[in-house]
Amino acid sequence: MIGEATATEVIRVMVVDDHAIVRRGLLAYVDTVPTLEVVGEAADGQQAVAQLRQWQTLGEPLPDVVLMDLQMPKMGGVEATEAITRAHPEVKVVVLSSFGEAERVHAALAAGAAGYLLKDADPDEVVTAIRVAADGEVHLDSAVARQLTRRMAAPHVGLNALTAREREILTLVAQGNSNRDIAGRLAISERTARTHVSNVLTKLQLSSRTQAALLAIREGLIPPPA
């Protein structure tokens, strides 16, 4: 955990999860905490973003904290987190996910998340994460924090060996883009794109784009195919 907070005012909370049972359970629990108030719910990121936009247009108060699932249809948690924190910087997002891979955590935090919890977290920790986020700090699940620490201390092998641009290249390759597509997306020459792809495969000790795609899915760079 990074930062601690104690809440004296009621914190407005919105829950976003595509699984109705999980969403209802979170809503029911949050509603039992005197210092928290449920103000809304959404079944996916797209719905959440639209709802916040509508509330803002109508002049209605926005939630202080959004509990956000990561893997959802239409718009996933990372994309929704980025959209929400960009349009409503006063709204804090705490990711609550079944996935604890370092790449997913990095992606969520880079998108502006103020916390990351695993779905097996103790209910009291969920409340703590909400309060910490509302206080402007960041809360990480202890298992996630340990993993990130080990990842930072690990030698530069696998994905750790890639530069930020090479990670971007790997993601584009995994999404099925050709060298020409990658060149167009990144405004570089096709020859440069081909060199980048070759470097990525070499650093990861892979022999094909298919292997690269499988690795990217396993590491959470892209979601698995539906």
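This is a predicted model: local features need pLDDT of at least 70, side-chain atom pairs count only at pLDDT 80 or more; totals for chains, interfaces and linings use all residues.
Helices (H or I, at least four residues) and strands (E, at least two) are DSSP runs, numbered from the N terminus; two strands pair if DSSP finds at least two bridges between them.

The pairings of strand S5 (residues 115–118) are as follows.

| Strand pair | Bridges | Sense | A bridge pair |
|---|---|---|---|
| S4 (residues 92–97) and S5 | four | parallel | Val95 and Tyr116 |

S4, helix H4 (residues 102–110) and S5 make a right-handed β-α-β unit. The β-α-β crossover from S5 through helix H5 (residues 123–134) to S6 is left-handed. A crossover is right-handed if, with the strands pointing away from the viewer, the path from the first strand over the helix to the second runs clockwise.

In a regular strand the side chains alternate between the two faces of the sheet. In S5, Gly115 and Leu117 on one side and Tyr116 and Leu118 on the other are all buried, that is, under 20% relative accessible area (1.4 Å probe, protein chains only).

Residues are numbered from 1 along each chain as its sequence is written. Local features need pLDDT of at least 70, side-chain atom pairs count only at pLDDT 80 or more, and totals for chains, interfaces and linings use all residues, while side-chain values use heavy atoms, with hydrogens and water left out.

Technical notes
Buried means under 20% relative accessible area, exposed over 50%, partly exposed in between (1.4 Å probe, protein chains only).
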